[in-house]
Amino acid sequence: MEVVDKIYQYCDNREVTMGIYLDLQKAFDTVNHPILIEKLATYGIREIVLKWFISYLSNRKQYTVLSNCKSKPESVSYGVPHGSVLGPLLFVIYMNDIQYAVSNAELKLFAMILTFLHNSDPNKLFAEANVSITQLSERFAANRLSLNLNKTCYSVFGTKQRITTQFKLYISGKEIQNTEPCKYLGIFIDCDLK
């Protein structure tokens with residue numbers, strides 16, 4: 001509801017709004033432990049509590065079962081534990097500083113990142129969007145996160161005429177598709193907000 005309300009606010013101001021839906025590939029599985037520990041320390045988690053988190057993430061093993069065959073246990077050096085109470089919290093802490101990667105966009109962070117930009121001029125909107133995507137892509141690389149480019153898309157709101165093909169968005173040289181509707185955390189949002 002917050003996302004749709006924001007779009008309505010920008011439309012009421014006669015601005016064109018763009019929602020860019022960035023899908024992280026295997027988001028929980030790619031969390032880098034040393035980077036996460038450094039971020040925890042930056043947020044003030046130190047000494048005994050930090051050692052507890054280090055212990056919680058260290059020496060984890062996993063194996064695969066197929067039919068009645070079980071693989072040998074292998075060490076897990078990346079990711080946060082699935083199904084745990086701490087997994088989503090640690091992931092949010094890991095992602096939290098990504099909001100500072102861009103200055104001209106509003107971000108909604110989780111396994112799928114929604115980036116909002118708005119401007120009354122579509123030319124400026126797309127130029128700002130391409131800059132923001134580049135900045136985010138660089139921050140993802142620094143955090144060792146990968147985008148699923150096949151599930152990354154964008155939508156444009158607040159214009160009666162459809163955006164023409166002259167406007168394009170790119171990540172790492174690959175064009176992002178203008179999709180209607182886009183799926184955001186299980187909800188489909190179309191350009192008319194219906």
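Predicted model: local features only at pLDDT ≥ 70, side-chain atom pairs only at ≥ 80, totals over all residues.

Biologist: Which element is E47 in?

Modeller: E47 belongs to helix 3, which covers residues 47-57.

Biologist: And what's its phi?

Modeller: Positive, about 50°, although E47 is not a glycine. Most residues other than glycine have a negative phi.

Biologist: Where does S67 sit?

Modeller: S67 is in the loop between strand 3 (65-66) and strand 4 (69-70). Its phi is positive too, about 55°, and S67 is not a glycine either.

Biologist: Is S67 buried or exposed?

Modeller: Exposed, because its relative accessibility is 66%.

Biologist: OK, on to helix 1. Which residues are buried there?

Modeller: V3, I7 and Y10, in a helix that runs over residues 2-12. They sit on the same side of helix 1, because they cover an arc of only 65° around the axis.

Biologist: What's on the face turned away from that buried side?

Modeller: That face carries E2 and D12, which are exposed.

Biologist: Let's switch to pockets. How much space lies in the second largest pocket?

Modeller: About 210 Å³.

Biologist: Which residues line it?

Modeller: The lining of the second largest pocket is made of D29, R60, K61, Q62, V76, Y78, G79, V80, P81 and H82. By type, that lining splits into 4 nonpolar, 3 polar and 3 charged residues.

Biologist: Which strand gives the most to that lining?

Modeller: Strand 2, residues 60-62, with 3 residues.

Biologist: Last one, S155. Where is it?

Modeller: In strand 8, which spans residues 153-157. S155 has 0% relative accessibility, so S155 counts as buried.

Biologist: What does the S155 side chain reach?

Modeller: The backbone oxygen of T179, at 2.8 Å.

Biologist: And what does S155 touch, leaving out residues up to four places away in sequence?

Modeller: On one stretch of the sequence, S155 touches T17, M18, G19 and Y21, among others. Its contacts also include N178, T179, C182, I189 and C191.

Terms used
Residues numbered from 1 in each chain as written. Heavy atoms only, no water. Helix = DSSP H or I, 4+ residues; strand = E, 2+ residues; numbered from the N terminus. Buried < 20%, exposed > 50% of the residue type's maximum accessible area, 1.4 Å probe, protein only. Polar contact = N/O pair within 3.5 Å; in protein donor to acceptor, adjacent residues only side chain to side chain. Contact = heavy atoms within 4.5 Å. Arc of directions from axis to C-beta. 1 Å grid on protein atoms, 1.4 Å probe; cavity = no way out; pocket = protein on both sides within 12 Å on 5 of 7 lines; lining within 4 Å. Points joined across faces, edges and corners; volume = space filled by probe spheres on them. Nonpolar A, V, L, I, M, F, W, Y, C, P; charged D, E, K, R; others polar.
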